[in-house]
Amino acid sequence: MEKKLYITTAIPYVNGAPHIGHAMDYLLADIWTRYQKQQGHEVRFQVGTDEHGNKIAAKAQEENLEPQAYADRNYKKFEEFIVKVNASYTDFIRTTDQHHVAAVQYIWHKLQPYIYKGVYQGWYCVGHEAFFTDKEVQEMGGVCPDHQKPFEQLSEENYYLKTSAFTDKIREAINTGAMEIVPEFRKNEFLELIKNGLQDVSISRPRKNLSWGVPVPGDPEQVMYVWLDALSNYITVLGYPDKEGWQEYWPADVQVIGKDILRFHAGIWPAMLLGLGLELPKRLLVHGHVIVGGTKMSKTIGNVIDPIEIIDEFGLDAFRYFFSRHIPTLDDGDFTWEKFEGAYNGELGNDLGNLVQRVASMITRYQAGVIGESEQTEHDMTLYHDAMEHLEFNKALDEVWNMVRSLNQYIENVKPWSVAKEVGKDSEAEQHLSEILAHCAGALLQIGDLLLPFLPTTAAAIHDIFETGVVKQPEGVLFPKKYLHTPDPNAPKTA
RNA sequence: CGCGGGGUGGAGCAGCCCGGUCAGCUCGUGUGGCUCAUAACCACAAGGUCGCAGGUUCAAAUCCUGCCCCCGCAACCA
């Protein structure tokens with residue numbers, strides 16, 4: 001029996017608002033999902049939220065809420081966001097779900113052979129009641145800016161997961177491609193990182209330092225730290241270990257993550273799976289970050305872009321288009337409003353929208369909307385499918401646009417408007433015209449199919465217009481011009 | 001000498017693994033064409049010592065050596 005497909009996304013921390021990075025996760029996973037479904041596969045697509053930890057507890061307290069109440073309210077922002085980008089997910093997991101909590105405790109039990117008690121030592125701030133990394137302490141000059149007190153070395157008891165025991169197996173899985181890290185350079189980056197072996201990871205905190213989390217079974221003094229809790233979601237959401245059916249979906253075919261969390265998903269997570277006797281995910285799709293005008297997005301610089309704003313101004317498909325084509329799937333990409341608006345007006349409006357419009361219009365005008373018959377020459381789409389299989393979605397879209405361009409060129413070459421003038425004079429003209437226009441309509445239907453994973457609304461609109469054999473003229477045009485951030489070249493000159 | 005990626009016409013990129021057929025694509029600019037279309041579409045043109053300096057070769061953006069510059073990552077960061 002063919003295994004059913006499964007794709008996952010990283011679960012964001014509910015403290016905070018959805019941002020463009022989350023959108024990339026959902027978008028890439030959704031494109032893959034829609035593509036696979038189009039190929040006839042059954043796909044399960046997980047999303048969710050990470051809801052435990054000190055930051056949640058602190059935020060809740062600020063607002064005089066119980067942590068759970070805070071999480072209950074905040075996770076909705078993410079759910080709404082996921083719906084807003086039209087991600088066709090099948091499962092939404094919250095780490096505070098009853099089943100998840102119980103499953104994580106089961107996982108803890110099962111990992112016992114690889115769990116030991118150790119001492120965590122690090123820089124501690126009494127005011128924060130928390131540890132800071134060497135780097136953080138260095139940046140702050142050794143003194144906590146919030147409490148005006150020097151950090152001190154402190155140690156506490158933690159449970160550790162023996163990830164080091166799995167170094168060889170993980171390395172082998174990566175090298176053989178059993179767990180493929182895409183793109184290749186990320187794989188090399190990670191292998192380099194673990195050349196001296198994986199380090200054991202601390203997986204719990206004393207309760208006094210971490211109140212809001214999954215209790216460690218059998219030790220009331222300890223609470224689970226983020227790793228076991230959050231990473232487990234990828235299997236608990238399927239029903240692991242007690243509900244029927246999870247085996248049909250695990251191992252995941254693709255796990256979508258940002259480059260910032262590769263090490264956890266390629267190190268700790270596989271170690272957990274191996275400890276549980278489960279298979280490793282087949283592929284990790286590591287996408288880059290969106291930068292703005294050549295620099296990292298940051299609140300202090302104030303160059304943060306809001307995905308909601310883009311969607312509200314230009315529509316969802318325009319958003320999906322830009323971020324799937326102009327932000328390379330496997331690398332960092334640059335966003336500016338100029339680029340975005342240029343792509344919107346030029347590529348979506350002029351290339352595609354106008355093409356649909358001119359074809360629909362000619363068929364309506366010359367043939368009362370009736371689409372004739374033509375032998376459809378199937379465009380060779382090997383490059384498109386190759387790109388999709390290799391998770392290079394931006395390249396797949398490049399191929400679609402090559403088709404769009406060719407069709408515009410084709411129309412220019414055969415000049416249907418000239419042929420139309422011959423109808424009535426030349427006996428073959430009518431037939432010829434009909435074939436030309438039918439070819440155009442057919443090509444557009446094919447383009448619509450290829451766009452389906454990326455621009456579901458636009459794909460549906462194109463289908464709507466041409467699929468019945470009679471052109472159904474839409475109310476407005478696809479992607480009308482917008483000049484919200486750049487000057488309108490057609491505006492009367494003021495100077 | 002920490003690891004990795006990159007420096008190609010005004011902008012953004014491809015080509016480099018497997019040297020010649022490579023200087024290609026998109027945008028921008030200029031000229032022309034067309035009129036079905038969202039003042040759109042199509043064609044042509046201008047513009048590059050392919051980071052710098054050496055080397056290998058009949059031949060190098062492509063291989064080798066050295067140097068300069070930019071950008072990521074650098075392990076408890078959700």
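Where is the place of proline 241? Select it: proline 241 is in the loop between α9 (233–236) and β13 (254–258). Helices (H or I, at least four residues) and strands (E, at least two) are DSSP runs, numbered from the N terminus. Look at the link from tyrosine 240 to proline 241: this peptide bond is cis, with omega near 0°. Now pick proline 251, which also sits in the loop between α9 and β13. The peptide bond from tryptophan 250 to proline 251 is cis too, with omega near 5°.

Some ground rules before moving on. This is a predicted model, where local features need pLDDT of at least 70 and side-chain atom pairs count only at pLDDT 80 or more, while totals for chains, interfaces and linings use all residues. Residues are numbered from 1 along each chain as its sequence is written, chains are lettered from A and ligands numbered from 1 in the order in which they are written, and side-chain values use heavy atoms, with hydrogens and water left out.

Next, select asparagine 64, in the loop between α2 (54–62) and α3. Its phi is near 60°, a positive value in a residue other than glycine.

Now show the side chains of lysine 84 and aspartate 312. They meet in a salt bridge (2.8 Å, N to O); the term means a side-chain nitrogen of Lys or Arg within 4 Å of a carboxyl oxygen of Asp or Glu. Lysine 84 belongs to helix α3 (residues 67–84) and aspartate 312 to helix α11 (residues 307–314), so this pair links distant parts of the chain, 228 residues apart. The structure holds 24 salt bridges.

Colour α13 (residues 337–367) and α18 (456–466) next. They pack at an angle of about 10°, with axes 11 Å apart; axes are lines fitted to C-alpha atoms, for helices over the stretch in contact, and angles run from 0 to 180 degrees between N-to-C directions. That makes α13 roughly parallel to α18, a label for angles under 35 degrees. Touching residues (heavy atoms within 4.5 Å) include Leu352 and Val356 of α13 and Thr458 and Ile462 of α18.

Conventions
Parallel < 35°, antiparallel > 145°, perpendicular 65-115°, else oblique.
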